[in-house]
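Welcome! Here is a friendly briefing to read alongside the structure, arranged by topic.

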Amino acid sequence: MKYVIITENDESQWDDKTGISYNYPAKYHQILTPGTKVIYYKGKLKDKRFEDLRLSKDPHYFGVAIIGDIYLDENASKKEFYCDILAYQPFDSAVPFKLNGQYIETIPENKKSNYWRDGVREISKKTFDRILELAEAEFESSVEISHFKISYRKFEEVFNNFSEFIYDESGGERFVGFSDGFLHERESYKRELREESLSILKTSEWDNTWVGNGEILKRVIRTFDLENNNLVGTRRKFGPNSVPHHQMLEAIEKGKNLKSIEKVLFDLFKLNTEPEEVFNSLISLIGKQYSVLAFLFFLKNDRKYLPISTTNFEYAFNTLGCKISLSKKCSWDNYKSYLDLINQVKNALEVKMNQNINIIDVHSFCRMIGFNDRYQEWLKEKEAPGTQIVFNAYEIDPVNNAINQRRSTPNETIRDGNVDWEKEDKRKRMKGRRAEELVMEFERQRLIDAGEEDLASKVEDYSTKFSKGFDILSWNVDGTERNIEVKSSGYNGFILTRNELKKSEKNSNYWLYIVNEKKNEVQIKQIKSPSFQNLECFRLEPKDYYVTFSIDQ
């Protein structure tokens, strides 16, 4: 395992996107590999325009993440790479690069004169852990590159119907949030169950000498048998061997694997053993008992982990536009994908409700719409039609005229120091993702209407393939590619990154779609092969680049 510092400056020639992707030269290619744990670093403030966007004016560390897939930037003049950034976690406050006059990073003797010139620097695990300790941050080290995504359009449809759905299910109560009303009364037992379970476990009493005497496992089993515990499934339908924890019962009765099981449970609750290792060890000892494993992890940390009801959550995620198999798929990777989808729903709920949401409340939301596929049945009963989207798409010829040149950059007006930048970023990402989904829907329909069903089936989401420089792979009716960059904007302007600019210049199949959604109408302005450096058509402001234009009437 490698531990690395990556530098991200306020202004840079590199096409970095905090928490999403990192752009770097070939000299660091052997250092930044998939799975590498990284700490984000920022140097001294040089331009006061960026002061509100930083945690400190001084050099500091500001976040932690893991390196995902690596891509070669094929259009760079020199050999350069991109890597995906996974599990990004910003720090709540800056961690200074010096404490009591001493650098936190250990500087080798042969690099004392030029150490800080390197934007990517290997560090020890001790240094990595110390920075996390100073940041008071917990970090999940085992991360899966998840390809599962909810549809934000589907989410909005469900959310807009949710209050009426709750009204009908409750017999007359509206959805008023997660801390009150019908949903709270129905789902709050999970918090109470966890508290009662922890009072039974009393892990503070556990000692290593207990491992093998049966007391740890007896306490764990007592939590499964609580009267209000429907999260594990302990009803003995067909005798004792039908319960998911039957091998734990056998360990108590016959001593089989008792010490090994209790050792893993001790590691889970008392030590900092890697969660993947614990999960896999439990599978080897008690089998792929998904509900048992997820419940134990939920007891360990309810801010990271959740119980699971596989069939119900398959229904829920399918309703939200993501087909994922959970039933009989018990594995650490599958569990991480489940949690990743929960966090996607969490982000969407926070944007819609404009408040912080706990993942246990997201669990309640998903369980409510997924339970026995009840939401889909309710839609049929109500004959609630899906939202009918009308697309208004047309190709435009942009011009750079006097009207356009008077237009100011919209994000220059956001100077309020009280802006919640994390929520603002979530809102923008959700809006951008929805625009991409709408374009994919439009492109498929455009090709189907042209009699090209085969090409319609090949329309693909490229938005996470950062080195490609466009969002949607689509097709012209003659079978040639249409590489679409999607921008969500209600006016004739948008942000363009350095990478997107370079890709547009070298890609003859490049199209720009500017999406503006108004109620049930979606306006899509299309520009074929835009030449952003052509001053007769566009005005560029080096932000990244803020592009504006007018439409020649």
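**Salt bridges and charged residues**

Arg49 counts as partly exposed, at 41% relative accessibility; buried means under 20% relative accessible area, exposed over 50%, and partly exposed in between (1.4 Å probe, protein chains only). This is a predicted model, in which local features need pLDDT of at least 70 and side-chain atom pairs count only at pLDDT 80 or more, while totals for chains, interfaces and linings use all residues. Residues are numbered from 1 along each chain as its sequence is written, and side-chain values use heavy atoms, with hydrogens and water left out.

- Arg49 forms a salt bridge with Asp47, and their closest N and O atoms are 3.0 Å apart; a salt bridge is a side-chain nitrogen of Lys or Arg within 4 Å of a carboxyl oxygen of Asp or Glu.
- Asp47 is also partly exposed, because its relative accessibility is 23%.
- Across the whole structure, a search finds 37 salt bridges.
- Another of these joins Arg374 to Glu381, with the closest N and O atoms 2.9 Å apart.
- Arg374 is partly exposed, with a relative accessible area of 23%, whereas Glu381 counts as exposed at 53%.
- Salt bridges with shared partners also connect Lys149, Arg433, Glu436, Glu437 and Asp461 into one network.

- Where does Asp73 lie? Asp73 is in the loop between β4 (60-72) and β5 (80-96); strands are DSSP runs of E with at least two residues, helices are runs of H or I with at least four, and both are numbered from the N terminus.
- Asp73 has 3% relative accessibility, so this residue counts as buried.
- A salt bridge links Asp73 to Lys502, the closest N and O atoms being 3.4 Å apart.
- Because Asp73 is in the loop between β4 and β5 while Lys502 is in helix α17 (residues 498-506), the pair ties together parts that are 429 residues apart in sequence.
- Both partners, Asp73 and Lys502, are buried.
- The side chain of Asp73 also makes a polar contact with the side chain of Lys503, at 3.4 Å; a polar contact is a pair of N or O atoms within 3.5 Å, where within protein one must be able to donate a hydrogen and the other to accept it, and residues adjacent in sequence count only if both atoms are side-chain atoms.
- Beyond neighbours within four places in sequence, Asp73 is in contact (heavy atoms within 4.5 Å) with Glu80, Phe81, Tyr82, Asn499, Lys502 and Lys503.

**Strands and sheets**

- Strand β1 (residues 3-7) is largely enclosed by the rest of the structure, because 5 of its 5 residues are buried.
- On one side of β1 sit Tyr3, Ile5 and Thr7, on the other Val4 and Ile6, and all of them are buried.
- β1 runs antiparallel to strand β8 (residues 120-123), with 4 bridges joining them; two strands pair if DSSP finds at least two bridges between them.
- Within that pairing, Val4 has Glu122 as its bridge partner.
- With strand β3 (residues 37-42), β1 pairs in the parallel sense over 5 bridges, and there Ile5 is partnered by Ile39.
- Elsewhere, 6 strands form an open sheet with mixed pairing, in the order β9-β16-β15-β13-β12-β11.
- The edges of this sheet are β9 (390-395) and β11 (460-461), each pairing on one side only.
- β9 is joined to strand β16 (residues 521-528) by 6 bridges, and the two run parallel.

**Aromatic rings**

- The whole structure holds 42 aromatic pairs; rings of Phe, Tyr and Trp (its six-membered ring) pair if their centres lie within 6.5 Å, and planes under 30 degrees apart count as stacked, over 60 as edge-to-face and the rest as tilted.
- Tyr40 and Phe62 form a tilted pair, because their ring centres are 5.1 Å apart and their planes are at 45°.
- This pair links distant parts of the chain, with Tyr40 in strand β3 and Phe62 in strand β4, 22 residues apart.
- Tyr40 is buried with a relative accessible area of 0%, and Phe62 is buried with 9%.
- A cluster linked by ring pairs takes in Phe155, Phe159, Phe162, Phe165, Phe175, Phe178, Phe365, Tyr375 and Trp378.
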